[in-house]
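Let's walk through this structure together, moving from charged pairs to nonpolar cores and then to a sheet and a helix. Keep the coordinates open beside you as you read.

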Amino acid sequence: MRPDPLVVFTPSGKRGRFAKGTPVLTAARQLGVDLDSVCGGRGICSKCQITPSYGEFSKHGVTVAPDALTEWNSVEQRYDDKRGLKPGRRLGCQACVMGDVVIDVPPESQVHRQVVRKAASARPIIMDAATRLYYIEVAEPDMHEPTGDLERIARALREQWQIPGITTDLSTLSRLQPVLRKGGWKVTVALHKTSETALPRLVSIWPGLHEKGLYGLAIDLGSTTIAAHLTDLETGLVVASSGIMNPQIRYGEDLMSRVSYAMMNPGGDREMTTAVREAIDTLAIDIAREADVDPALILELVFVCNPVMHHLLLGIDPVELGQAPFALATSDALNLEARELGLSSLPPSSNVYILPCIAGHVGADAAAVALSEEPGKSEDLVLIVDVGTNAELLLGNTSRVLACSSPTGPAFEGAQISSGQRAAPGAIEAIRIDPVTREPRFRIIGSELWSDEDGFDLAAAASGITGICGSGIIEAVAELRLAGLMDPSGLLGSAEQTGSPRMIPEGRTHAYVIHDGTAEGGPLITVTQGDIRAIQLAKSALYAGARLLMDEMGVDTVDRVVLAGAFGAHISAKHAVVLGMIPDVPLDKVTSAGNAAGTGARIALCNLAARAEIERVVRRITKVETAIEPRFQEHFVAANAIPHKTDPFSELAKIVTLPNVSFNASGDREGRRRRRSS
């Protein structure tokens, strides 16, 4: 007898088997997937929009046939006729499961929309933007001196601003004459330079003195999240920051899954390119609307991204990045125009600058971190860790800088975790477990109160307590170790072994209950043995990458650690060290850089010389390839223990004494438990 169809939801990663004919909305509700609906499934509200994906998904172990869902019906057609559905979208209340299927829940269909944590960091930047404004007074045409309008603009720039010459494109040229005449031969022009010595290009023109500003977008194109900072190119101030989920998640949560999708599905790379470009267009429009800025004034874009995102943004098949020697089509910085990337929301002549990649698995985002944090100028040895679905690490000082990437996977983002979710209001983001009572207290996104403080229930009522995000699951696993509920191997004890009724059986293993909201119709939020294994794999890959760089540098310790990205701002140094995510260092030597990749993108957006600088720096960084280095696997296996199997972690011992407990399958408790010293 054939099993019921398998339904996989992204970006949550939740999955389950359902009888044929089950509405997608019903499947989502039964799995606890965050899919909105207010009309009771009557096809009126349209909040349950979903995007099915078809083809072979090796990551999920399914092949999705074209008839995996029921055919488009009259209710969907009626809604599409009245309000319109984006191509490929279905209504979750109308589309029914008929075969194995992968379903993406777009951000606008989620009840608890993600909080994008890649906010802009405050950073002084010397302003010298590649695109600048110039007011000029242009000579009127003269029958006795037959020259074109463009040539007289060039002459005015030469005489009034000492700019020796300019170029332009056809779309800008076609606008010159009406603007010149409207302005009475007094105009403001925007000129763009790709380098200090390049001939400027005329990219836009306004009648008279233009006083509405000039803007650029610094975009951090991540595997999971696309974050953008709308920046005033005259002052450097960030006027708005926003972000959305990367829609490519439906093709695979990690980079190699997307490469695999492109390999196994002809045209799959083009699907992913189209999806991400449309998302960038949407993000640009939304952020401009938020800041009340005309999108026509956004004339500069800077992208930082990992190599796979780099190729998919450019429309290059990433297949070569999925196999040794991991060759990039190009690693150089790129200067393009918005029209070349099909970005229709912005002026077609807007300039696009993409930072250089360091190597096949270390991309322009790592280059942006290097630009922001400048490890090559550090007198002490600094390890910079940018944690994400694909972690990138830099280790260096004034003598040498090394770089590598490490495949941590999506667990740190809350994916593939039983109660996991993206960072959104209602998600548990911090947790503490009392070492004596084993009772938890926690804090959720959207409230500064802890769950044992007065007023928490009222504060949490707006969003509910919905799940646990990446920072929460990391702290939860570390706290389970500190409280003696988990042994160094990562094994959870039973209620009898630990003396805690919060340890509940789950098959042959156990889970720890953080919050039980089932009595009020809410979720049961637990940390399961499977969750711990997922975090162990992720943190082991991260730690092994760091140790590999340290081996190459010939050192056993680092002087300081910088945590970059969303995790840098939201994970405590103590929990990162207890878990063994990073090498052992004094906690006061662990600092946060916030969104360092986004900061590097803003530096490149606002300072032309910085682009030349990072292009020089990248050529001096030594790449260490984790995929072919045998020592990576050795370090990975040893790092599976919490915090580590062989490294002493002496600095950690100064702060806490980890409980000396172990649990076995028979239910007997072994060893003894010591109280934390602090």
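Across the whole structure, a search turns up 28 salt bridges, each being a side-chain nitrogen of Lys or Arg within 4 Å of a carboxyl oxygen of Asp or Glu. Before we look at some of them, a word on the source: this is a predicted model, in which local features need pLDDT of at least 70 and side-chain atom pairs count only at pLDDT 80 or more, while totals for chains, interfaces and linings use all residues. Residues are numbered from 1 along each chain as its sequence is written, and side-chain values use heavy atoms, with hydrogens and water left out.

Start with Arg-250 and Asp-104, whose side chains form a salt bridge at 3.8 Å, N to O. Arg-250 sits in the loop between β14 (238-245) and α5 (255-264), and Asp-104 belongs to strand β7 (residues 101-104), so this pair ties together parts 146 residues apart in sequence. Helices (H or I, at least four residues) and strands (E, at least two) are DSSP runs, numbered from the N terminus. Both Arg-250 and Asp-104 are buried; buried means under 20% relative accessible area, exposed over 50%, and partly exposed in between, with a 1.4 Å probe and protein chains only.

Next, Glu-337 and Arg-201 meet in a salt bridge of 3.4 Å, N to O. Here strand β16 (residues 334-337) supplies Glu-337 and strand β11 (residues 201-207) supplies Arg-201, so the pair ties together parts that are 136 residues apart in sequence. Glu-337 counts as buried because its relative accessibility is 15%, and Arg-201 is buried at 12%.

How are Glu-475 and Arg-432 joined? Their side chains meet in a salt bridge (2.6 Å, N to O), linking helix α10 (residues 470-482) with strand β21 (residues 427-433), 43 residues apart. Glu-475 is buried at 3% relative accessibility, whereas Arg-432, at 26%, is partly exposed.

Now for the nonpolar cores, which are sets of buried Ala, Val, Leu, Ile, Met, Phe, Trp, Tyr and Cys residues joined through side-chain atoms within 4.5 Å. The largest has 116 residues, of which Phe-9, Leu-217, Phe-303, Leu-355, Ile-358 and Ile-614 touch the most other members. Helix α6 (residues 268-291) contributes the largest share of this core, nine residues. A second, separate core of 72 residues includes Val-387, Ile-428, Leu-480 and Ile-535.

Turn to an open sheet of three strands, in the order β24-β25-β26 with antiparallel pairing; two strands pair if DSSP finds at least two bridges between them. At its edges stand β24 (503-506) and β26 (524-528), each with a single partner strand, so one side of each has no neighbour in the sheet. Five bridges join β25 (residues 509-516) to β26, and Asp-516 stands opposite Leu-524 in β26.

Finally, look at helix α17 (residues 630-638), where Phe-632, His-635, Phe-636 and Ala-638 are buried. These residues cover an arc of only 165° around the axis, which puts them on the same side of α17; the arc is that of the directions from the helix axis to the C-beta atoms. The face turned away from that buried side carries the exposed residues Pro-630, Glu-634 and Val-637.
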